[in-house]
Amino acid sequence: LIEETLAEALRTAEPFSYTHRMYLADRVTLRIFDCYGEVLTDESGAPVRILGTAQDVTDTRRVQEELAYLADHDPLTGLANRRAVLSRLADHLDTGDPGALLLLDVDNFKDVNDQRGHAVGDTVLRALAKQLREQAGPDALVGRLGGDEFAVVLPDVGPDAALGAAESICDVVARTPVVTSGAALAVTVSVGVAPLDGPDVEAMLADADLALYDAKGAGRNRARLFVSDRTVPGGRRVS
C-alpha cells in the first residue's frame, strides 16, 4: 500500500494520504498511523523531494470504534441495546416477514439488588444474557431494553413456536442457578410473546408488554402469548 501510494504520488506530483497499521519491535503491539504528504518538484516538474507526516491515531481509532459499538450495544451485557432492537422491529414492519417478539424480565429483581447488592444484580443480568444468546439461536436478535428487561426478536416463527421458545427459556433459566460470590442464586424470568404483525413498533411492544404483565400476574416463571383479533376493532387478549 505504501509503495504503491508513493509511486503514484511521484508519478503525478499530487498530495497523498494513507492509513496503515504497523507492529512495533515487540511484534505484539499494533499501532495505527494516518500519513499525509506532498511531492516537491524542480522547475521541470521532476520530483526532487517528498515531505510528509505520520500521526499515531491508535487511541483515537479505539475511542471511535468503542463509540460505534456502544451506539448499538448494551455496555453491561454486550447485547443489542434498545435502539438496535427497535430498528430490527421496524425492519420487520417494512418487510412484512413473520416473526415474534419476546419481552422478558427477571422475577423479583429488585429484591436481588436490595438484598445482595448491585454487583450481584449485574452478575445475574450478564448470566441471563449468556443464556438468552444460547437459547435464541443464531438468527435471533437478543437485546437488553434497560434495567432487567430483555427482548428477543425471533424471525420466521409462528405464535405457537414462539410461545414454545419462551417456555423453554423460562425452563432453562429456572434450572440454571447463577453462581455469584460462591453461592448459587435461583433466578426465574417471566416472558410476554407477541407476533410481529402490529401496526407499528410501539404497538408490538405494548402487545408483548401486556402478555408479560399477564405472565407475572399468573405467578411468574412462565410465558404468555398475546393474541389479537384483527377482525374485531380493539380485539386483544392473552392466552
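Biologist: Which residues touch the most other members of the largest nonpolar core?

Modeller: In this predicted model, they are Leu-102, Leu-104, Phe-150, Val-152, Val-189, Val-191 and Val-193, out of 33 residues in that core. Elements giving two or more residues to the core include β4, β6, β9 and α5. The largest share, seven residues, comes from α5.

Biologist: Why is strand β6 called largely enclosed?

Modeller: Buried means under 20% relative accessible area. Five of the seven residues of β6, residues 149-155, are buried, so the strand is largely enclosed by the rest of the structure.

Biologist: Why is the contact of Arg-31 with Asp-56 called a salt bridge?

Modeller: The N to O distance is 3.0 Å; the cut-off is 4 Å, so the pair qualifies. Arg-31 is in strand β2 and Asp-56 in strand β3, so the pair ties together parts 25 residues apart in sequence.

Biologist: What makes Arg-31 buried and Asp-56 partly exposed?

Modeller: The relative accessible area of Arg-31 is 17%, and the limit for buried is under 20%. Asp-56 has 36%, which falls between 20% and the 50% above which a residue is exposed, so Asp-56 is partly exposed.

Biologist: How do you know that Asp-107 and Lys-216 form a salt bridge, and which residues are linked in a network with them?

Modeller: Their closest N and O atoms are 3.2 Å apart, which is within 4 Å. Asp-107 is in the loop between β4 and α4, while Lys-216 is in helix α7, 109 residues apart. Asp-105 is linked with both in a network of salt bridges.

Biologist: Why are Asp-107 and Lys-216 put in separate classes?

Modeller: Asp-107 has a relative accessible area of 6% and is buried. Lys-216, at 21%, is partly exposed, because buried requires under 20%.

Conventions. Residues numbered from 1 in each chain as written. Predicted model: local features only at pLDDT ≥ 70, side-chain atom pairs only at ≥ 80, totals over all residues. Heavy atoms only, no water. Buried < 20%, exposed > 50% of the residue type's maximum accessible area, 1.4 Å probe, protein only. Helix = DSSP H or I, 4+ residues; strand = E, 2+ residues; numbered from the N terminus. Core = buried A, V, L, I, M, F, W, Y, C linked by side-chain atoms within 4.5 Å. Salt bridge = Lys/Arg side-chain N within 4 Å of Asp/Glu carboxyl O.
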